[in-house]
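Subject: Structure handover

Hello,

Please find the structure below. My notes on it follow.

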Amino acid sequence: MSNALLPNIYDFVVRIDPFDKLPESVVKEVVSKVKITYLSKGEEIHFSSNCEERFLYIIRTGAVEQRMKDGSLRARLGEDDQFGFTFLEPLANSEDGYTAVALTDSLLYLVPHSTLQHLLKENPQFSEYFDTRARARLNSALYRVTPDNKGPYYRKVSEIASENIAIVDKNTSIKQVASYMCGEMRSSCAVVKDGNDIVGVITDRDMTTRVVSQGIDTEQPISMVMTSNPQLIHSDATVLEAISLMMQFNIRCLPVVQGQKVIGLITTTHLVHNHRTQALFLIEKIKYSNSIESLKTLKEERQTIFSSLVESQVGSHIVASVMSMIMDAFNRRIIQLAQETLGPAPCDYAWIVAGSHARNEVHLLSDQDSALILDDSATSADMAYFTHLAMIVCNGLDACGYPLCDGKYMAATPKWCQPLSRWKEYYRKWVGTPEYNKLLNISVFLEVRSLYGNAELATELQQHLHDCIEQSHRFIPSLVRDAVDTQPPLGIFNNLVLEKTGDNSRTLNIKKYALNLIIDLARIYSLSAKGTLTGTEERFEWAYQQGVMSEQSYKNIIGAYRFITQVRFTHQNESLKLGNKPDNHIDPQTFSSFERKHLKDAFKIINELQDGAKLRFTKG
């Protein structure tokens, strides 16, 4: 090759991932060994373990389609894309028999296998960039996207817990405990013990509301006014888990324990002022808002927190968890405000959430998916109360930035405000005869989470669902056929899987063609293993633990899910910064070489898991 071509090749190679991460001297060495080949439309490259010379192929111009040995599509590739990673393995371990076909006249740069072997031997820190496994390349990408795993939400509670905590015996007088908390320990909370057992807690706020305001004799034992069977958290838990517990049980103080030994205290004040957990500060404001009008003023803070988390490069699963806790707080407070207006509920009920809210995967576009499960004793008058309650709550959430569901899957829709027995009938019909319209309904309510009220109603309903699924031989195969009907966009960058019309013409719908496919697969694998969890990642983990999917498949799909979610959040945040309304439609031209390459790895992983589901769960 003429040396005159080297600068042109260098300028191209140095701007694409992963060569843009390598030192200039290393890139120049690679470029000096590059070979150039031209493929006419329809010309093929055949890969086999008998190949005498092997290369990493970089597409300079044109488009190439990869086909597996059985003829199935592996990927469609365009300018800047690379293939041939598999053939960087030792010959004995190579994947044999796939073919690359030029879809158009194409110019390729070929980097010899021996050159890369030498590069990686001299620079082992770059090995993940060229790993033959898509999962390893994705993991390295995730590390670069979220390099700091020591952010406040990841930290162990033992690292930040205050050591100022009073520990008292259950027979100690109220007066003595108050003196101990205010004086020697300067603690806002005391842990009450009976011998070695933790039996209760008491806070400074409890002293005001339960003792002073009620005129209780302070010589009485502290056991008379303490909160029995308190929530505790283990020292190895994360700050995010602590916040979640505090929100779920509406508590401000959380003792940190190792076994039965109390080693510290986590408080909301401590977290907000000392550990940059702005989300908790917002949740505190929500909790004490006294009207929907005041709640409406807080919705912009929610967007600010989202942007702060994304720009701080916090992991996508942490972003989703925090945004879910904020939505929980808005929802719970609006229910409480509605009941203050309407009076107490006339019978037991559970307010349940579905969709991304139930999965704890809330993002800026999450709308409302909810329902009401009523006790079977509910009368027609009771139904009128709950219809009114649901209308207030759903409209209140809409005012606070959580849009009404276009499909009307909300508690305000009479069909989704029903006694437990009617809900059981719904599930029995949906699972027993899984035609299209029933699959549509159950796909919304396959994951639900009790947010307020009597959670046992939701638990009983979920058990009924799993009993129905266990008795049906048609349901999971039907879910699979529906889930694999849409394929991941293996050809996106050649404009082959883009929206064709409307305002979003020529864009990728990353929800439809990627994230929804992963969520559907998580449902299938988890339900097949009798899993009751709702989150996408925890469902895959359950399936792996039960032996329904291999360790490699489990790690592959988690990496793909996190990377695609990170891309989605980044896109939504960029839209906010530009003053646009966030959406799921991304122009492929805006993807960097880094994003293009790793998204394709993720799409291949989704496609492989779809194929695995078809083989495992259907006869077709």
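Which residues in α6 meet which residues in α7? Ile174, Val177, Ala178 and Met181 in α6 meet Asp204, Met207 and Val211 in α7, where contact means heavy atoms within 4.5 Å. By class, this contact has 6 nonpolar, no polar and 1 charged residues. For the classes, Ala, Val, Leu, Ile, Met, Phe, Trp, Tyr, Cys and Pro count as nonpolar, Asp, Glu, Lys and Arg as charged, and the others, Gly among them, as polar.

Before the rest, some notes on the source. This is a predicted model, in which local features need pLDDT of at least 70 and side-chain atom pairs count only at pLDDT 80 or more, while totals for chains, interfaces and linings use all residues. Residues are numbered from 1 along each chain as its sequence is written, and side-chain values use heavy atoms, with hydrogens and water left out.

Overall

The protein has 23 helices and 21 strands. These are DSSP runs numbered from the N terminus, with helices being H or I of at least four residues and strands E of at least two. Of its 620 residues, 55% count as buried. Buried means under 20% relative accessible area, exposed means over 50%, and partly exposed is in between (1.4 Å probe, protein chains only). Among contacts between residues at least 6 apart in sequence, 72% join residues at least 24 apart.

Helix pairs

To return to the pair above, helix α6 covers residues 174–182 and helix α7 covers residues 204–212. Their axes come within 11 Å and cross at roughly 150 degrees. Axes are lines fitted to C-alpha atoms, for helices over the stretch in contact, and angles run from 0 to 180 degrees between N-to-C directions. The crossing of α6 and α7 is left-handed, a term used if the near helix is turned anticlockwise from the far one by less than a right angle (right-handed if clockwise).

Helix α19 (residues 475–483) and helix α20 (residues 510–528) have axes that come within 10 Å and cross at roughly 165 degrees. The two are therefore roughly antiparallel to each other. On the scale used, angles under 35 degrees count as roughly parallel, over 145 as roughly antiparallel, 65 to 115 as roughly perpendicular and the rest as oblique. α19 passes α20 in a left-handed crossing. On the α19 side the contact is made by Phe475, Ile476, Leu479, Val480 and Ala483, and on the α20 side by Leu517, Asp520, Ile524, Leu527 and Ser528. These residues divide into 8 nonpolar, 1 polar and 1 charged.

For helix α22 (residues 551–577) and helix α23 (residues 593–617), the axes come within 9 Å and cross at roughly 135 degrees. α22 and α23 are therefore oblique to each other, and their crossing is left-handed. From α22, the contact takes in Ser553, Asn556, Ile557, Ala560, Phe563, Ile564 and Val567; from α23, Phe594, Glu595, His598, Leu599, Ala602, Phe603, Ile605, Ile606 and Leu609. By class, that contact has 12 nonpolar, 3 polar and 1 charged residues.

Single residues

Ser32 is in helix α2 (residues 24–32). At 42% relative accessibility, Ser32 counts as partly exposed. A polar atom of its side chain lies 2.6 Å from the backbone oxygen of Glu29. Such a polar contact is a pair of N or O atoms within 3.5 Å; within protein, one must be able to donate a hydrogen and the other to accept it, and residues adjacent in sequence count only if both atoms are side-chain atoms. Ser32 and Leu6 are 26 residues apart in sequence and 6.9 Å apart in space, C-alpha to C-alpha.

Asn509 is in strand β20 (residues 508–509) and counts as buried at 13% relative accessibility. Its side chain reaches the backbone nitrogen of Lys511 at 3.2 Å. A polar atom of the Asn509 side chain also lies 3.0 Å from the backbone nitrogen of Lys512.

Thr536 is in helix α21 (residues 536–545) and is buried, with a relative accessible area of 1%. Leaving aside neighbours within four places in sequence, Thr536 is in contact with Arg359, Glu361, Ile518, Ile519, Ala522 and Tyr561.

Positive phi

Asp80 has phi near 85 degrees, a positive value in a residue other than glycine. Asp80 lies in the loop between β5 (73–77) and β6 (82–83) and is buried, with a relative accessible area of 10%. Asn360 has phi near 60 degrees, again positive in a residue other than glycine. The loop that holds Asn360 runs between α14 (355–358) and β17 (370–374), and Asn360 is partly exposed, with a relative accessible area of 29%.

Regards
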